[in-house]
Amino acid sequence: MVAALLPDIWLFAAATAVTYIADWYLHQRGSYLINRLGKVRAGLSIRFLLRQLMVILLLARLDLAEEPLFYAAVACFLVFYGLQAPHGALTTLIKLRRTLPIVTRNVDLHAVRIPDAPPRSLLYRSSEKMLHLDLPAVVGVLVAAGTGEDYLGYIGAGVTLLLALGYNALLVPYLRRSRRAPSAPAVLKALDTWLGEYQPTVVLYFSGSNESAYQGNMWLDTMAAVEGRPLIVMRERNLVAQLADTSVPVVCVPAGTHLMNMNLSTVRVCLYPANVGKNIHMLRVPTMKHVFIGHGDSDKLASVNPYSKVYDEVWTAGRAGRDRYALADVGVRDEDIVEVGRPQLAPIESWTGTTRNPIPTVLYAPTWEGWDDNPGNTSLLLAGENIVRRLLTADSPVRVIYKPHPFTGIRSAKAKAVDARIKALVAKAAQDRATESRWAQEASAAAAGQRAAKAELVRIESRLAELAKPGRAGGDESEESRVALADPARQAEIAALRTEWNDAYWRSFGWWEHKTVTGARPKLYDCFNQSDAMVSDISSVVSDFIASGKPYAVTDSAELGADEFKRQNTAVRAAVILSNGAQEIDQLLSAVADPAADSLAEARHELKTYLLGPDEPTSMEQFDAAVRALAAKAEARNAGVAQRVGEQLPEPLPDPEAASSGAGDGSAEIIAEVEVAVDPDTPSPDAEIGADPSVIR
């Protein structure tokens, strides 16, 4: 605006270029500033409109307001603005008509025809693309104003309008019926047909925020191995893309009404990894038994949530979970608690008593800050930097792996800042270590192997990307629902590649190099296997790490004192207790370096059984047994309901035809089977009492 008012055309051109580049950059980064600008009425469309108004202002200040170029620019921008309305309508309609009421994986929807999606280039960030078509007009008008060659402005304006018209024209064919997704009733009918054929028996029901996908992912391998016919039911579309690859059928049903009408009459056990509001839509079904399995075993208050009373059973890893509920006295009865172990812990390797590499590796895996400001939530805020500094400056060299919780920083800006500083500390220490002569020699010797490992990672990641989404590139979720069928060969290749990737990842850098690990890979348990000890907080991470038998430390961030801290938190009874200053870290390092100095080894073994259950039978065997037992209870309940409903049916009526014919001795034949007829406008009996419709006859 300043350049337009001066007027200085070349300064204006430079400033305009900066605004285009800034917009592109912020959108590419997904900056939160974009959202903020929209909140203060400076959204994407407004920014482009203001830029165009500034061009008009510049022309007026250049005394061109009476020239044809001025009117051409005004007309061009007005028509261009008008073309944005049909473009927005077209893209919105196409997306709506391409949206299925469900999203599926490994579900055969051949009964309905789902056409290919439009090219991704047409719909992905379509508003940005449309708005950027004003660039030829803006450039043309500025060049024309600067050179006096008005025809350049006309050409630019014409190109902008032709491109805008062309974009709209490309979208129109995708409104045809043949390009639309099937209707919601047709898709839901096809799903019910598939459910009738597949007849699922065990369901994992999952709902949550964008950051909570890990809570469902941790149960995928267990669901793939469970007895019966498993099914995963989700509620949020955006979480489907974050779900790890699995051979188990997945159905995402966003609408509660659609979920309530799904044919789940064969399901006998429903498992819930999280306590969320949308659980109520499944909990209302009485023909199945409902189980809270959680997403980890810890002494956090979330592990004894009073909401757990709504479930038929609560499954815990070991005796510790049962005792937590007894102490909390939140209404969960002891007879409703079943100990099933932790099937997910099978990949964790047991400690051999010696370090994996010439120097020990210590994993620092703090939990996140939580929803309140309780200082005991995480060690990150008060002790995190102290812990990392003491590990990095230990008398004997130690390698540090830092793996923060995925939720870190989502609520607390302070936690986010501490996390950034710890990452910087680890990176700086890794850089300094690389310059030391001892490590430089090791690096030189391992350089060839690391290069080969990095090249292998590139190859594996490329192949995994090819296998990640079956079908052609650019398909939308409707097309993916059509093609995402389980392929045993593909699943086996993906599993093998992931194992190769994990091996190559750890070989791609030295066993002496400090590292920050974030993201889905490598997994937390892979970090367990690479480490010789761990520092963490009160969370399921500690309980899981105990399965390895390795030394560990937990920070008393709330400064309760070691005795009180152990009294309140079962999982720390065999831990080295750290203060916020982390002075006790040497005790942990001594236990790693010398088994004779490991005074807590026996306590860890006993605690492992108490927290996670016995080693025999295996956790998967215990889990399957619990599923079978609860399914039998569901069957018994359903049979009892069917019997009681049958006893309440009206007395059989005489057959009118038999009575009128006077056949036999005049007595009417009795109808052997009675159908309960319900008026179509009257709610069905099962809608009133929640019974399985197939039971009511």
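**Exercise 1.** In this predicted model, find which residues glutamine 344 touches, leaving out those up to four places away in sequence.

*Solution.* Start by selecting glutamine 344 and looking around it. Its contacts are Met218, Trp219, Thr222 and Tyr525, once residues up to four places away in sequence are not counted. Finally, decide whether glutamine 344 is buried or exposed. Buried means under 20% relative accessible area. Glutamine 344 has 8% relative accessibility, so it counts as buried.

**Exercise 2.** Work out the strand order of the open sheet of eight strands, and name its edge strands.

*Solution.* A reminder to begin with: strands of a sheet pair through backbone hydrogen bonds, either parallel or antiparallel. Now walk across the sheet. The order is 1-4-3-2-5-6-7-8, and the pairing is mixed. At the edges are strand 1 (103-105) and strand 8 (337-339), each pairing on one side only. On average, neighbouring strands here are turned by 25 degrees against each other, direction ignored.

Zoom in on one pair. Strand 5 (residues 269-272) and strand 6 (residues 289-292) run parallel and are joined by four bridges. Within this pair, tyrosine 272 has phenylalanine 292 of strand 6 as its bridge partner. Then look for the helix that packs on the sheet: helix 16 (residues 319-328) touches strand 6, strand 7 (313-316) and strand 8. The direction of helix 16 makes about 160 degrees with that of strand 8.

**Exercise 3.** The structure holds 31 salt bridges. Take the one between aspartate 116 and arginine 482, and describe where its two partners lie.

*Solution.* First, check the distance: the side chains meet at 2.9 Å, N to O. Second, locate the partners. Aspartate 116 is in the loop between strand 1 and helix 6 (120-123), while arginine 482 belongs to helix 20 (residues 477-483). They are 366 residues apart, and the pair links distant parts of the chain. Third, look at accessibility: aspartate 116 is partly exposed at 38%, and arginine 482 is partly exposed at 30%.

**Exercise 4.** Find how many residues separate arginine 567 and glutamate 564 in helix 24.

*Solution.* Both residues lie in helix 24 (residues 562-568), three residues apart, which is about one turn of the helix. Exposed means over 50% relative accessible area. Arginine 567, at 57%, therefore counts as exposed, whereas glutamate 564, at 27%, is partly exposed.

Terms used. Residues numbered from 1 in each chain as written. Predicted model: local features only at pLDDT ≥ 70, side-chain atom pairs only at ≥ 80, totals over all residues. Heavy atoms only, no water. Pairing = 2+ DSSP bridges. Helix = DSSP H or I, 4+ residues; strand = E, 2+ residues; numbered from the N terminus. Axes fitted to C-alpha atoms, helices over the stretch in contact; angles between N-to-C directions. Contact = heavy atoms within 4.5 Å. Buried < 20%, exposed > 50% of the residue type's maximum accessible area, 1.4 Å probe, protein only. Salt bridge = Lys/Arg side-chain N within 4 Å of Asp/Glu carboxyl O.
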